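Open the model in a viewer and keep the selection panel at hand.

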Amino acid sequence: MHSIIIWVLAATLMTGDVEAAEVVKLKQGAYAISEAGVTSLALLSEDGVLITDPANPERAKVLQAEIARLTSRPVTRIVLSHEHLDHVGGTEVFPGAEVICHISCKALFDLDVTGAAPKKVHAVFDDRHSFQFGGRKVTLIHVGPADGFASTIIHLPEDGIVYSADLYADRYIIPGVWMDNDNYLGVLKALKLMQDLKPQIAVNAHSTSTSVQALQENVTFVEDLFQLVSAQINRTMTTKAPGAVMDNIPRWSQELKLDQYKDWSNYATEFPAHVRRMALSIYHGG
Ligand SMILES: [Zn+2]
């Protein structure tokens, strides 16, 4: 069990609002900072700070204030977990920082009409990209399509830490409204890849938990969901015209169950959307 130091700070924004941030020390020079429903990784070095997913300008200012309590160094590098706009905003709060995102981010950023997307992406990568930061190895592993196209695992191999966004939740069935851009086969691939890295700490962008238990439970959940839905699809494809699969998805969404997960939040209301999403991922490809 890694040592955890948690403190909750009241950070005053320029507006006068007071927001609480939770700062967890994961390893020497490595922190998880949670605020406004998003958790960022912060890695300290002699030269500057690397962060993930500032999310939006307001949260980025809180993040900046929390980092100033840890070090006088500026944020010099921002790694984005994927292209979705609720993760990538606020980079302008750190004007000297290099913004890094998977190469497929740029296509979506070019379509942004909200102003949330970074004005500039300084570095892109394709499959994997490793670099040293503050004496520790950082590897960016592209796993998409999963949640969007750019889904990236941030792996600190020497620390046994993985960071990911929007690929799983902690005993919580993610509302279907957030699932429309998911390829569930890609999500399963990403979860298994993370599990194979054998992390001791799994930082999840929408959770304050850093336990690997949630990751492991979700590998099992998504595998069970895949077995459940693929069995129905295979049976239908061998006995009926292939078009029958699409016709059956609404009924399967209501009838298929995995009641061993009924204690997870939202199971009753949101599980049908996960059946639908898995069926479409298997049969339609997205
Ligand atoms: Zn997302």
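Between which two strands does the loop that holds E46 lie? Select E46: the loop runs between β4 (38-44) and β5 (49-52), where strands are DSSP runs of E with at least two residues, helices are runs of H or I with at least four, and both are numbered from the N terminus. This is a predicted model, in which local features need pLDDT of at least 70 and side-chain atom pairs count only at pLDDT 80 or more, while totals for chains, interfaces and linings use all residues. Residues are numbered from 1 along each chain as its sequence is written, and side-chain values use heavy atoms, with hydrogens and water left out.

E46 counts as exposed because its relative accessibility is 64%; exposed means over 50% relative accessible area, buried under 20%, and partly exposed in between (1.4 Å probe, protein chains only).

Next, colour by domain. The assignment gives domain 1 (6-222) and domain 2 (225-283), with bounds from an automatic or database domain assignment. Domain 1 puts 18 residues into the contact and domain 2 puts in 17, contact being heavy atoms within 4.5 Å. The centres of the two domains, taken over C-alpha atoms, are 31 Å apart.

The two domains bury about 1,700 Å² between them, 65% of it on carbon and sulfur atoms; buried area is the accessible area (1.4 Å probe) that two parts lose on being put together, summed over both. Select I173, Y184 and F221: these supply 41% of the area that domain 1 buries against domain 2, more than any other three residues.

Between the domains there are 13 residue pairs in polar contact, both at pLDDT 80 or more. A polar contact is a pair of N or O atoms within 3.5 Å; within protein, one must be able to donate a hydrogen and the other to accept it, and residues adjacent in sequence count only if both atoms are side-chain atoms. On the domain 1 side, α4 (184-196) and α5 (213-239) are the elements that give two or more residues. The largest share, five residues, comes from α5.

Last, select N218 in helix α5. N218 counts as buried because its relative accessibility is 5%. Its side chain reaches the backbone oxygen of A214 at 2.7 Å. Beyond neighbours within four places in sequence, N218 is in contact with Y168, A169, L191 and W264.
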